Amino acid sequence: MKFNDVLAQALRLHGVEVMFGVMGDANMYVVDSFHRKEGGRFVAAANEGGAVLMAAGYAAVSGRVGVATVTHGAIANCVSALFDAVRGHYPLLVIAGDTARHEAFHLQNIPQRDIVVPTGAAYCQVRSVDTAAADLAAALGQAVAERRPVVLELPADFQQADTTIAAGRIQQLVNGVLTPSAEDLEDAAALIAGANRPLVIGGRGAGSPGTAGMLRQFAERIGAPLGTTLRGKGLFAGDPFDIGIVGTLSHPVASDVIGRADCLVVFGAGLNALTTLKGELLAGKRIVQVDTEPAALGRYFPVDVGIVGDAARTAAGLSALLDEAEVPPAGFRRDDLARRIAAWHEEDKAAAGSDGPLTLTGVLHQVNEIVPRERTLAIDGGRFSHEALRILDVDHPWNYAHCLNVGHIGMSVGYGIGASLGRPGVPALVVAGDGGFMLGGLAEFNTAVRNHLDVVVVLLNDGAYGAEYYRFVGQSLDPALTMFDWPDFTEVATSLGGTAVRVAEWGDFKRFAEVVRPGCGPVLVEVLLDVAAIPDPGLH
């Protein structure tokens, strides 16, 4: 057999169905074998960085390893994407074709390891043509175990080499359910029993199937409202006592609840600076933190009780201890709180008016209602991000492909394409600014077209780099350098093969609603906004 056939077989044996990438002479035969001989799906990206972003979006919503491939020194185009995937803790395998060992002076030969390692991704090599399957299995296993990208170097001359070693699936260890220790449960139960105003917070790490229901039961048992981190968005969707996102994106009712809470019981969340307002929200509170990763406990700020354990099992264990001790629920979860939460949401939605100039808040509420609720979501960086992150909903944390792990703009379209393939059959909603779309989205919009994907890109066009605009204006400086005369994005999207809608007034949303339907294919919705009318993100 040929090496490329063995590697392709090994990928399929390990359940890899989709590979994103850009072909070149150092990976093209592996791609061909994967697609033509093994029946895998290859999604040809326009840019290598875009391919890695797609793999990250796929991993974010599917719970599986995202796979991408690049050729020769093109790994240099993937640095920002690797940084983002590393900080997002997304398991990726990037098969990086490399120059043949005997061609040291090849024009495209660059030190790939030196480029990859500073991003935080792991770097390993296919050692020989006869170890391909084993090396691939090890790389996949490492990506899963460490929840980060692994770059697997593949020398170009290995591809069509002969080998007598057939592909085989190598058993990979998968983290199982962790049962918390009895001592930790007792310490946490004692702390919770003494609380008058407990609050339960869930993060993405508590998003495994069935966990949300158990955490809701636990919150009701102890008389606590519920909240989530940004990446836990959707964990408690529809619960009347869900105060939403905790931290910099909290709404006024949520901020009041968080401020009054005297005990936080946190499941699968890291409690970083954004969730805790740099620790301010933790002041005067007792903290119980539950996570399957020991290193996550107290990583950013000290906690009173840290529990290594599965969220559902821990919640059940704590409830059992509190029942045994006949501890009554606290009185923090009252009907008047549910009414206040509902009233605030209704008041916020009132911004989606039918007359007057477009407002960012109103536009986002319209988008939230028009795009089917069963969707994936990727939100780019920009001045609009705070409102978009706050308003736009998903039904489960794993439907949200967080692509602001390093705060770069231009990431969201790649993530959205990957999410569309990771959750086939549901639309992928992507929200980007004009600057981010030109930087990273434009090149890949046609990738969505070529693959007939239901990706809905809402392009919020204020003709400027908004954050920089406000900094100049705030210092009475000329903001002209932050402003752009872009092309007509609807014409650009149409020329790339997609469907386009322009929204310049409230009535234009009717056309938006008409085109967003199952099987609609890629749609770009250009929303024209006044650069001076979008809230200053510094106010958050």
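Q: What counts as a salt bridge here?
A: A side-chain nitrogen of Lys or Arg within 4 Å of a carboxyl oxygen of Asp or Glu. Keep in mind that this is a predicted model.

Q: Which residue does Arg390 bridge to, and how far apart are the atoms?
A: Arg390 pairs with Glu387. Their closest N and O atoms are 3.1 Å apart.

Q: Where do Arg390 and Glu387 sit?
A: Both lie in helix H14, residues 385-391. They are 3 residues apart, about one turn of the helix.

Q: Is Glu387 buried or exposed?
A: Glu387 is buried, because its relative accessible area is 9% and the cut-off for buried is under 20%.

Q: How many salt bridges are there in the whole structure?
A: The search finds 20. One of them joins Lys2 and Asp162, with the closest N and O atoms 2.8 Å apart.

Q: What about Glu374, which residue does it bridge to?
A: Arg423, with the closest N and O atoms 3.6 Å apart. Glu374 lies in the loop between helix H13 and strand S13, and Arg423 in the loop between helix H15 and strand S14, so the pair ties together parts 49 residues apart in sequence. Glu374 is partly exposed at 48%. Arg423 is partly exposed at 21%.

Q: Which residues are linked in a network of salt bridges?
A: Asp256, Arg260 and Arg340.

Q: New topic. How many aromatic pairs are there?
A: The count is 12. Among them, Tyr469 and Tyr470 are edge-to-face: 5.7 Å centre to centre, with 90 degrees between the planes. Tyr469 is buried at 11%.

Q: Why is the Phe509 and Phe512 pair tilted?
A: Their ring planes are at 35 degrees, so the pair is tilted. The centres are 6.2 Å apart. Both residues lie in helix H19. Phe509 is buried at 3%, and Phe512 is buried at 0%.

Q: Which residues form an aromatic cluster?
A: Phe437, Phe445, Tyr465, Phe484, Trp486 and Phe489 form one.

Q: Last one, the surface. Which residues form the negative patch?
A: Glu183, Glu186, Asp187 and Glu324. Helix H7 gives the largest share, 3 residues. Asp187 is in helix H7 and is partly exposed at 40%.

Technical notes: Residues numbered from 1 in each chain as written. Predicted model: local features only at pLDDT ≥ 70, side-chain atom pairs only at ≥ 80, totals over all residues. Heavy atoms only, no water. Patch = residues over 30% accessible without salt bridge, like charges linked within 9 Å, V, L, I, M, F, W, Y side chains within 5 Å. Areas by Shrake-Rupley, 256 points an atom, 1.4 Å probe, with all protein chains shown as cover. Lys, Arg positive; Asp, Glu negative; His and termini not counted. Charge placed at Lys NZ, Arg CZ, Asp CG, Glu CD. Helix = DSSP H or I, 4+ residues; strand = E, 2+ residues; numbered from the N terminus. Buried < 20%, exposed > 50% of the residue type's maximum accessible area, 1.4 Å probe, protein only. Phe/Tyr/Trp six-rings, centres within 6.5 Å; stacked < 30°, edge-to-face > 60°.
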